[in-house]
Amino acid sequence: MAEKSKKARIHITGMTCTTCAATIEKGLAETLGVEQANVSFASEKASIEYDPSKVDLAKIKHTISQIGYGVATKKSIFPVGGMTCASCVSRVEQALSSVPGVISTNVNLASEKATVDYIEGTELADLKRAVKEAGYELGSETETLEDVTTAAQRELRGVRNRFIFAAILAASIMALMWAPSFVGKPYLLWALATPVQFWAGWRFYRGTWGALRHRTADMNTLIAVGTSAAYFYSVVAILFPSLFVAAGREPALYFDTAALIIGLILLGRFLEARARGQTSEAIKKLIGMQPKTALVVRDGEEREIPVDDVQVGDLILVRPGERVPVDGIVHEGYSSIDESMITGESIPVEKKIGDEVIGATINKTGSFQFEATKVGKDTTLAQIIRLVEEAQGSKAPIQRLADVIASYFVPIVIGIALITFIIWYFVGPAPTLTFALLNFVAVLIIACPCAMGLATPTAIMVGTGKGAEHGVLVRSAEALERSHQINAVLLDKTGTLTRGEPKVTDIIAVPSSSQEEVLRLAASAEHGSEHPLGEAIVKAALEKKLKVSPASDFNSIPGHGVEASVEGKKLLLGNLRLMSEKNLSLDGLGEEAERLWSKGKTVMFLGIDSQVAGIIALADTLKPNAKEALEELHKMGIEAVMLTGDNQRTAEAIAQEVGIDRVLAEVLPEHKAQEVKRLQEEGKIVAMVGDGINDAPALAQADVGIAIGTGTDVAMETGDITLISGDLGGIVTAISLSKRTMRTIKQNLFWAFAYNTALIPVAAGVLYLAFGQTSVPSGLHFILGNYGFLNPILAAAAMAASSITVVSNSLRLRRFKPAKFAD
């Protein structure tokens with residue numbers, strides 16, 4: 001029987017452009033056992049699906065290293081108990097290696113410690129479980145030798161250090177180039193340029209070699225070829241000057257050009273990497289929320305343990321100001337909890353016994369104990385992090401065009417550079433070789449596929465992260481892109497527009513009684529009832545602190561109501577049919593009942609002995625901000641459609657109150673998807689908003705499915721977008737964020753294409769046609785030289801600036817703020 005495929009997300013270091021990502025993808029795809037690989041340059045992550053019977057993570061890591069890139073992993077040391085011999089070491093190593101995410105293990109019998117190298121997201125609880133099942137004990141992590149963050153920081157420091165080194169030597173070379181000639185000067189320039197070319201610039205050669213091995217070319221190829229041309233031209237000029245003299249040319253040196261280009265590109269890479277790091281700020285913030293320890297009550301004793309050691313069923317104590325370690329249910333105590341980091345709701349939520357609490361939220365007031373129900377990768381926060389990471393690593397349809405162009409871009413640029421060299425060498429002004437070489441280098445260096453490749457994913461990363469901050473979880477880049485086209489929102493009434501539970505809205509009493517007395521007696525009759533309407537009446541009475549008396553002779557009359565004796569009075573509580581059957585006089589309350597029915601409310605009559613004493617109206621009340629959210633949708637030009645199983649009159653009443661454009665009433669649950677399809681047939685781009693469970697077929701049929709979740713009950717696998725808090729303002733936030741993100745992507749793509757379209761011809765020397773032998777205006781002399789040729793050093797600066805511009809524009813999305821609604 002074939003072993004089930006496994007999935008892994010690996011952090012990759014050393015990528016400098018989207019073609020690097022494509023090279024890694026191609027290399028992984030050619031690896032036996034790798035079924036699917038998707039590499040994102042913006043997030044620096046590879047999502048891999050592989051067959052563990054044919055390939056393991058160690059082999060995958062080795063493959064990535066062979067291509068010329070690194071893998072950032074976490075390396076930790078754990079104490080191991082119960083080992084007695086060498087075979088124990090082997091069994092523990094095998095147990096640890098079997099855990100998904102583990103790359104390599106090394107167990108030392110003498111020190112009784114295991115060193116484990118594993119990828120980000122590996123569950124420590126799984127490591128402990130595997131070792132325990134093998135008959136041994138794995139203790140808590142004692143030392144972290146390296147983690148993903150330190151590996152990424154080391155990579156960034158490496159780029160910075162190489163830039164500083166290159167900048168110092170490049171400045172020295174520039175100074176020497178301007179200094180008077182002296183014996184040995186050319187050799188000194190050569191000596192200074194060589195470490196810049198082959199140490200500071202080594203990453204470009206390594207990347208080029210990795211690309212060539214997989215029969216492709218990338219940004220590294222352009223830089224390596226361009227700077228090597230300038231460097232080796234200069235070397236030939238030093239070693240064989242007679243070749244140039246014989247051809248009637250001065251043996252010029254361009255070590256300064258090669259060194260400065262490498263320095264400027266490294267500076268660009270450093271600034272770009274720092275900026276790209278900020279695009280994933282939201283996910284880092286989410287990860288940073290995870291508490292490290294939990295105060296667990298075991299055997300009557302309080303003990304602080306690592307949160308990874310918390311088990312389902314543990315009782316956990318949370319004090320004021322502390323974060324809730326994992327998900328659970330309040331067991332003892334009362335408090336208010338700030339859930340804004342998960343739901344986006346700023347108002348603290350009251351929690352009492354039986355209520356759910358979410359891990360990483362902040363306890364504001366009292367102390368309480370809760371029972372852990374979800375730990376590790378099952379917690380709400382862990383699911384949110386996984387969902388956001390998957391969305392950030394996914395590709396939007398608009399990115400396909402950029403990816404296709406980028407895949408052909410480098411070979412085309414090399415072709416343009418070669419044609420440029422040939423043209424200027426044979427028909428250009430003297431010295432032809434010099435101008436041909438400089439234009440060749442300028443074309444290679446100024447071309448920037450990076451800007452095209454970064455245009456979409458950086459905006460997607462910031463957009464999805466920003467959505468998560470405000471309680472809007474987007475499952476994929478495709479869903480985020482589609483959302484900006486929505487022109488019709490279909491809302492399920494119960495649980496989406498409304499709270500999904502009845503509430504007392506009106507109490508009308510006859511002159512001889514009072515509202516309080518009607519509610520108190522009705523609650524007494526319904527006390528202990530499990531019917532939703534009865535529970536709502538009892539709840540309303542308790543909220544008003546009314547005394548509920550015990551009832552006797554209770555009898556439920558199906559489809560009509562209830563009868564009971566309270567305080568010696570015979571009570572009837574039910575619908576109009578019950579009153580008619582029992583021949584009770586309405587005492588003038590019929591008109592009031594008609595008025596309430598016209599508003600779509602459920603009317604309950606309270607009969608005392610032989611006369612109706614009052615009526616109680618109940619309705620499924622609207623959610624907060626529902627009306628304001630629909631007003632915002634209307635401002636965007638979006639049609640609001642309500643879907644319900646209720647009768648037309650009830651549906652129309654709700655629709656009128658909230659501002660719905662179209663009502664689809666008396667729709668059976670199994671027909672909801674058909675209603676979505678009908679709207680699509682009208683040419684509408686439809687978003688279906690539902691509870692994510694009963695509405696699953698309709699959510700799947702819609703162009704964008706938006707699932708409403710509350711707290712830990714998040715139906716993440718159902719909708720394209722999940723609103724954690726259940727607030728309808730999240731619909732407005734999701735669509736607004738999509739529009740802003742798409743606008744940013746289009747700006748980025750326009751800049752990237754305009755930059756390359758405009759400046760590659762300039763680098764090729766087309767401005768020579770404008771200036772020819774005439775003098776270039778003084779303001780442009782430094783940029784274009786004497787004849788309108790672009791300085792290759794400035795080409796490198798422009799190329800670095802283009803990527804930084806795109807990333808910086810995407811970072812502006814961090815300023816996105818959702819619409820505010822009055823409470």
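How many bridges join strand S12 to strand S18, and do the two run parallel or antiparallel?

Strand S12 covers residues 315-318 and strand S18 covers residues 368-374. Four bridges join them, and the two strands run antiparallel. As an example of a facing pair, leucine 317 stands opposite glutamine 369 in S18.

These two strands belong to an open sheet of six strands. Reading across the sheet, the order is S11-S10-S12-S18-S13-S16, and the pairing is antiparallel. At the edges are strand S11 (301-306) and strand S16 (356-357), each of which pairs on one side only.

Now the chain as a whole. Please keep in mind that this is a predicted model. The chain contains 30 helices and 31 strands. Its C-alpha trace spans about 125 × 75 × 50 Å along the principal axes. Of the 823 residues, 53% are buried. Take the contacts between residues at least 6 apart in sequence: 68% of them join residues at least 24 apart.

The accessible surface is about 35900 Å², and carbon and sulfur atoms account for 55% of that. There are 80 positive side chains and 90 negative ones, and the centres of the two sets are 8 Å apart.

You will find glycine 705 in strand S30, residues 704-708. Is glycine 705 buried or exposed? Glycine 705 counts as buried because its relative accessibility is 0%, and the cut-off for buried is under 20%. Leaving aside residues up to four places away in sequence, glycine 705 touches Met688, Leu699, Gly719, Asp720 and Ile721. Isoleucine 721 is 16 residues from glycine 705 along the chain, and their C-alpha atoms are separated by 6.3 Å.

Last, confidence. The average pLDDT of the chain is 82, and 91% of the residues score at least 70.

How values were computed:
Residues numbered from 1 in each chain as written. Heavy atoms only, no water. pLDDT = per-residue confidence, 0-100. Buried < 20%, exposed > 50% of the residue type's maximum accessible area, 1.4 Å probe, protein only. Contact = heavy atoms within 4.5 Å. Areas by Shrake-Rupley, 256 points an atom, 1.4 Å probe, with all protein chains shown as cover. Lys, Arg positive; Asp, Glu negative; His and termini not counted. Charge placed at Lys NZ, Arg CZ, Asp CG, Glu CD. Pairing = 2+ DSSP bridges.
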